Amino acid sequence: MEKEIKNLREQFKKRLASLETRPELQKIENEYIGRKGLIAQMLKRMSLLSAAEKPKVGQLLNKLKTDLQDALAEKKKELAKGISGEQGYIDITLPGQNFSRGTMHPVELILKETKNIFLGMGFSIVDGPEIELDYYNFEALNIPKDHPARDVQDSFYITPDILLRTQTSPMQVRTMENQSPPVRIVSAGKCFRRDSIDNTHTPMFHQIEGLAVDVDLSLSDLKGVITEFCKQIFGKDRIIRFRPGYFPFVEPGAEVDVSCGLCQGKGCSSCGYSGWLEIMGAGMVHPHVLEMVGYDTEKYTGFAFGMGAERIAMLKYDINDIRLFFENDIRFLTQFK
Amino acid sequence: MQISYNLLKEYVDFDFSPEELSKHLSMRGIVSERTRAVFGEVEGVFIGKIIELKSLASNSSLSICTVDLKNKKLEVVCGAKNMKIGDFVPIVIEGGSLPGIRVVEGKEIHGFYSQGMICSASELGLEKGKSSGVLILEHNLPLGEDIKNIGEIGNDVIYDFEIFSNRPDLMSIIGLAREISLLSGKPLRPPEISLKEAEEKINDSILVEVEAEDLCPRYAGRVIKGLKVEESPFWLRWKLLLLGIRPINNIVDITNFVMMETGQPLHAFDLNFIHGRKIIIRRAYPGEVFNTLDGVERVLITDNLVIADCDRPIALAGVMGGENSEIKDETKDVFLESAYFEPINNRRTNRYFAMRTDASNRFEKGIDPFGQVFAVNRAASLITELTSGKLLRGVIDQYSKELRRSKPIELYLPKVEKIMGTRIGKNDSEVKERVLGILAKLECRIDEQDEHYFKITPPSFRGDIQKDVDIIEEIARVFGYENIPATLFKSTVVQEGKSERQKVADLIRNTLIGCGMNQIINYSMVNPKCFDWLRLPSMHYLRETVELKNPLLQEQTIMRTTLIPGLLKTIQWNVNHSAERIKLFEMGRVYFPQNQASKVSLPLEKLMITGGITKIGRGNIWEKTEDWNLFYLKGILDALFDSLRLRDIDYIQGDMPFFQLEKNGVIKSQSNIIGIFGELHKDIGNFLDIPGDVFIFELDFAELFPLLKREIIFQPLPKYPYIHRDMAIVISENIDFAKIKKEILKIRPDIIKSVEIFDIFRGKQIEAGSKSIAFTIVFQANDRTLTDIEVDKVMENVTIRLNTLFEANLRR
Ligand SMILES: [Zn+2]
């Protein structure tokens with residue numbers, strides 16, 4: 001057995017000298033001094049030895065084990081040096097240390113860009129409650145109870161009078177109640193509609209809403225502001241189109257389309273072969289809405305517009321499924337640097 | 001509203017091509033969601049005539065039809081029952097195609113080789129669902145001709161127009177034709193009605209009593225006797241198919257067609273099933289039971305308006321007729337109803353029974369309150385034209401005194417310009433002329449006018465025109481939105497821009513992103529079960545939630561009170577999708593009920609900032625040595641507080657049940673609790689199958705925000721040098737470093753600038769229950785250079801103080 005110990009030691013030395021990587025080292029470590037390793041096996045076999053031999057072989061085996069451990073530790077240190085070599089050689093192709101910046105959620109990115117564009121045009125940013133009174137969400141916006149327009153905004157109710165807001169428009173009313181004209185505000189945030197989930201609907205989404213009231217505002221100002229916004233967010237080469245639309249709290253009402261970026265307006269599957277993509281609703285604030293907050297409708301006119309942040313993001317980044325925004329998959333999120 | 005190009009052309013003779021029509025209408029707010037050639041997906045369908053018909057020997061439910069295609073005869077197997085010898089039918093030959101079938105192949109059916117297929121309307125893509133039989137065509141069509149080449153039929157284009165809910169008048173052929181007339185300048189051609197009345201008077205057959213005049217302001221009707229219910233002629237069936245309506249029989253088809261033509265829903269009752277020859281329009285009796293046409297038994301409430309006879313309801317007014325009086329094949333005499341039902345009540349009934357029919361949809365949006373007699377006369381004239389029925393003399397027309405024409409509107413021309421922001425003519429008289437032209441086309445009545453002013457009464461079918469802005473919209477529509485210039489604000493307005501709160505929120509978001517975290521956004525609605533797996537006891541304050549009355553999904557029934565469950569679910573999602581290094585945060589609101597006594601008191605909304613990190617797997621050469629532990633997370637928090645210039649932060653032991661015991665804390669500043677942080681409880685990690693340790697923080701913006709100092713206070717750079725001294729002490733395990741640091745700073749606040757820990761050690765040389773802490777004390781005075789002697793003296797005091805307070809000894 002003494003001979004065996006000696007051989008083992010020699011064999012170990014050779015193998016240790018030739019190895020170059022940590023996994024190899026790990027392998028040898030297990031092989032020799034692991035729980036079921038060669039030394040452990042030999043220790044087991046000691047029970048077969050005579051009483052005279054036992055102490056000596058035991059001592060040898062223990063010595064072998066500590067020697068092997070020391071040698072392994074030494075080798076480990078050597079391998080760890082790796083990064084800079086003997087002559088001070090540095091592998092400059094190694095990756096840099098990790099300081100990678102995180103990412104803003106794409107919806108937040110759109111909200112931020114949008115707010116910045118409107119801030120640049122003299123708008124203020126206002127925030128409001130996400131759980132709203134029916135009064136602000138509907139009634140003050142010229143959508144009384146039993147109005148058919150409520151059908152397309154199926155709501156989550158908390159009580160008969162309180163609901164999750166279905167649009168950011170309540171902030172128009174809240175702002176006008178507390179401020180006399182001129183008003184120029186943008187409000188953005190979460191909205192909720194009781195829509196079944198599919199690739200263009202989620203029960204929660206984000207809306208961006210704008211309102212301007214002054215003595216001299218007209219449809220042409222609305223067109224100017226929206227055109228400027230669209231150029232900034234989608235790029236100068238996109239064409240903007242205004243056509244009549246219906247929303248109970250504006251009159252005249254408008255829908256705004258932007259030319260499809262994929263087919264340059266020629267028509268493709270992503271624009272339903274129309275060449276145009278619907279991006280927002282807008283219009284001149286309905287006199288009923290202004291009257292409800294006590295504004296003089298003979299003196300003041302205003303315009304309002306609203307759009308979905310997810311929709312803008314989907315069009316801008318060519319995302320085909322709205323559900324991706326709320327799955328928060330890191331592989332998705334990290335694309336929006 | 002589905003309609004076809006050729007159908008519209010019958011009512012207004014415009015010059016637009018199908019594409020131009022669609023484009024013009026969309027620029028006027030009438031967008032076709034789907035436009036298709038009527039046989040766009042059809043190939044190889046020809047006109048054939050059935051010349052022989054026998055049943056298949058091996059299967060008697062099928063027939064073999066010999067079809068004459070002029071220059072050849074085909075034998076095809078057909079399962080339909082509605083054809084007879086002599087009928088003209090569309091037949092698809094081998095190699096042709098139908099919507100949904102790319103290539104039609106001849107095939108063997110029960111031992112007989114079928115050389116094609118006789119098509120039904122649905123197989124041609126003209127009817128949803130399965131048709132009841134094959135499509136029987138007109139008899140004078142050219143045999144063997146490709147169906148696409150059959151003039152008016154083959155070249156048609158079908159539109160599916162989206163109609164705004166305030167324009168129910170456009171949900172009819174005449175309404176759309178009127179709109180096309182408005183933009184093309186071509187005259188509208190409404191249908192001509194010729195009525196041949198019999199001697200017999202209507203009043204001898206039926207009496208009408210409107211009890212609930214408020215819910216039924218107008219009720220008109222006609223009676224036709226001795227008619228024959230049968231299949232409609234081809235032209236009528238074809239028009240209905242173009243309008244997206246399934247043909248049933250001539251009477252039902254005529255009522256449906258006239259509804260589509262005029263927008264006025266009609267209903268036909270079998271006169272002989274109206275008990276007592278009397279129609280009563282009344283509120284339902286509570287609990288009254290009524291079987292609607294769809295075979296459903298409805299239990300009525302008094303809000304429901306019914307059409308009743310002397311014994312029972314025979315229709316749910318404006319929604320659906322009843323089984324007890326429906327038109328059957330044997331019906332000979334009919335009562336035609338044409339009414340105006342009050343929209344709001346109608347809508348309530350629709351919602352109450354969760355049913356909506358084409359008719360009820362029109363009533364709830366509001367139809368023309370003056371269109372009833374025209375529609376019922378139109379239907380009556382068609383019925384007498386198509387059947388041998390005789391029209392009784394007289395029309396029933398009962399209406400409420402409350403039913404009035406639209407209110408007059410005052411329109412000032414300068415306001416047109418003010419709202420549109422542009423002039424619509426070179427000078428005042430041109431502007432006025434153009435407006436007059438548009439008003440005439442809109443069928444508005446001019447009651448008064450001067451140079452800059454009109455008093456106008458809009459037509460009864462335009463219930464949406466109530467104010468001057470409504471007329472201005474019409475003017476803008478005709479003028480064309482595309483012709484309005486784009487201008488930017490003429491004046492400047494000073495507004496606040498971003499509020500302080502918004503700026504701070506931006507800063508927090510940016511800092512966390514700078515720390516490598518990815519922002520997430522989760523649903524505000526959560527599953528109440530999350531509180532169980534979060535280990536919250538039953539009375540925990542986070543379980544006080546705002547509940548949705550009508551949730552959509554089982555897993556989204558309450559409003560969240562913490563962002564943590566959503567964050568953990570997102571970590572779980574990403575772990576399941578092989579992410580290994582996860583650093584996420586969300587900034588969003590949580591909601592707590594408050595003042596539930598008050599009906600209109602809104603819940604409390606609080607902005608929370610919640611982040612979590614976990615590292616699974618090894619990472620690259622550098623990352624593998626990074627230990628993402630509680631102090632890594634604290635490092636992110638320190639960076640955040642530093643960016644907010646929030647300096648005096650205390651961390652004290654916390655007890656949130658979702659954290660590992662003792663590995664969590666409460667974050668305080670100026671005695672406000674601003675947040676919590678800690679290591680996620682292992683049970684939760686196991687429950688969610690997240691293999692790594694997860695570390696989480698949640699900050700409360702409302703608590704944090706008021707503590708922030710708005711201004712930066714500049715400190716002059718020190719003029720005198722620093723002196724550093726290191727010290728190592730052995731101290732009891734339970735004395736936290738923060739405590740030691742605080743005591744040291746107190747000793748000479750004027751010259752001790754900082755105490756920084758650089759090592760902590762436990763081991764053989766240190767007695768159990770103690771630890772060795774090494775730190776650097778930095779000394780500096782603002783008015784002089786400190787001497788070693790002075791500093792040594794302070795160091796001695798530090799030693800003594802730490803010994804008296806904590807029994808700490810210097811480590812040698
Ligand atoms: Zn396109």
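Reply: Let us begin with the contact between the chains in this predicted model. Chain B contributes 90 residues to the contact and chain A contributes 101 residues. Together they bury about 8200 Å², of which 56% is on carbon and sulfur atoms.

Me: Why is the pair B:R589 and A:E130 called a salt bridge?

Reply: The rule asks for a side-chain nitrogen of Lys or Arg within 4 Å of a carboxyl oxygen of Asp or Glu. The closest N and O atoms of B:R589 and A:E130 are 3.4 Å apart, so the pair meets the rule. Across the interface of chain B and chain A, three salt bridges are found, and 41 residue pairs are in polar contact.

Me: Which classes of residue make up the side of chain B that touches chain A?

Reply: That side has 38 nonpolar, 25 polar and 27 charged residues. Among the elements of chain B that each supply at least two residues to it are α12 (468–479), α13 (500–514) and β30 (581–592).

Me: What makes A:F123 and B:F489 an aromatic pair, and why is the pair called tilted?

Reply: The centres must lie within 6.5 Å, and here the value is 5.8 Å, so the rings pair. Planes under 30 degrees apart count as stacked and over 60 as edge-to-face; the angle here is 55 degrees, therefore the pair is tilted.

Technical notes
Residues numbered from 1 in each chain as written. Chains lettered and ligands numbered in written order. Predicted model: local features only at pLDDT ≥ 70, side-chain atom pairs only at ≥ 80, totals over all residues. Heavy atoms only, no water. Contact = heavy atoms within 4.5 Å. Buried area = accessible area lost by both parts, 1.4 Å probe. Polar contact = N/O pair within 3.5 Å; in protein donor to acceptor, adjacent residues only side chain to side chain. Helix = DSSP H or I, 4+ residues; strand = E, 2+ residues; numbered from the N terminus. Nonpolar A, V, L, I, M, F, W, Y, C, P; charged D, E, K, R; others polar. Phe/Tyr/Trp six-rings, centres within 6.5 Å; stacked < 30°, edge-to-face > 60°.
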